[in-house]
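Here is a short report on the fold and a few of its residues. Please keep the sequence and the 3D view open while reading.

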Amino acid sequence: MSELSNKQFEFSLMLGKLLLYIYEQGYTVTFGDVYAKTGHKKNSNHYLRLAADLNLFLDGEWLDKGEPMEKAHGIIHNYWDSLGGAKRIPNDLNHYSVEYQGRW
């Protein structure tokens, strides 16, 4: 297996654990971009299947802005950090990725 394939396997497992954690915290989730071919910054990990944008919901309401969104993604990112996920992007809180060749 290639280094990229191994990283994709690792990311998939981490994402599965994250999804379970999200539901355990009382949130629900839908996917935004998980694998993209266009529309992201150059060298985005979305193009490598190493990033996912997650839309969080609480009691059926999409947490798309403000303090509720920031709080929810803060909780979820803390867990993502514990799994070894890449650092947070301040203006892209629904982005979860792993570092690969200096990219996240």
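The report below takes the strands, then the helices, then selected residues.

## Basis

This is a predicted model. Local features are described where pLDDT is at least 70.

Start with strand 2, residues 51-58. Seven of its eight residues are buried, so strand 2 is largely enclosed by the rest of the structure.

Strand 2 pairs with strand 1, residues 28-31, through four bridges. The two run antiparallel. Within this pairing, Thr30 has Asn55 of strand 2 as its bridge partner. Strand 4, residues 95-97, also runs antiparallel to strand 2, and three bridges join them. Here Ala52 stands opposite Tyr96 of strand 4.

## The hairpin

Strand 3 covers residues 61-62. Two bridges pair strand 3 with strand 2, again in the antiparallel sense. Phe57 has Trp62 of strand 3 as its bridge partner. Strand 2 and strand 3 form a hairpin, with two residues between them. Asp59 sits in the turn and has a positive phi of about 55°.

## Helix 1

Helix 1 runs over residues 3-24, a count of 22 residues. From first C-alpha to last, helix 1 reaches 32 Å. That is close to the 32 Å expected at 1.5 Å a residue.

Which residues of helix 1 are buried? They are Ser5, Gln8, Phe11, Met14, Leu15, Leu18, Leu19, Tyr21 and Ile22. The buried residues of helix 1 pack against strand 1, strand 2, helix 2 and strand 4. Just after helix 1 comes Gly26, with a positive phi of about 95°.

## Helix 2

Helix 2 spans residues 66-83. With 18 residues at 1.5 Å each, helix 2 should span 26 Å, and its end C-alpha atoms are 26 Å apart, which agrees.

The buried residues of helix 2 are Met69, Ala72, His73, Ile76, His77 and Trp80. These cover an arc of only 135° around the axis, which puts them on the same side of helix 2. The other side of helix 2 has Glu67, Lys71 and Ser82, which are exposed. What covers the buried residues of helix 2 includes helix 1, strand 2 and strand 4. Gly84 follows helix 2, and its phi is positive, near 100°.

## His77

His77 lies in helix 2. Is His77 buried or exposed? Its relative accessibility is 1%, under the 20% cut-off, so His77 counts as buried.

The His77 side chain reaches the backbone oxygen of Leu93 at 2.8 Å. Leaving aside residues up to four places away in sequence, His77 touches Arg88, Leu93, His95 and Tyr96. Tyr96 is also the residue of strand 4 that stands opposite Ala52.

Arg49 is found in the loop between strand 1 and strand 2. Its phi is positive, about 65°, although Arg49 is not a glycine. Arg49 has 44% relative accessibility, so it counts as partly exposed.

Gln101 lies in the segment after strand 4. Its phi is near 50°, a positive value in a residue other than glycine. At 56% relative accessibility, Gln101 counts as exposed.

## Recap

Strand 2 pairs with strand 1, with strand 4 and with strand 3. Buried residues of helix 1 pack against strand 2, and strand 2 is also among the elements that cover the buried residues of helix 2.

How values were computed: Residues are numbered from 1 along each chain as its sequence is written. This is a predicted model: local features need pLDDT of at least 70, side-chain atom pairs count only at pLDDT 80 or more; totals for chains, interfaces and linings use all residues. Side-chain values use heavy atoms; hydrogens and water are left out. Buried means under 20% relative accessible area, exposed over 50%, partly exposed in between (1.4 Å probe, protein chains only). Two strands pair if DSSP finds at least two bridges between them. The expected span of a helix is 1.5 Å times one less than its number of residues. Contact means heavy atoms within 4.5 Å. A polar contact is a pair of N or O atoms within 3.5 Å; within protein, one must be able to donate a hydrogen and the other to accept it, and residues adjacent in sequence count only if both atoms are side-chain atoms. The arc is that of the directions from the helix axis to the C-beta atoms.
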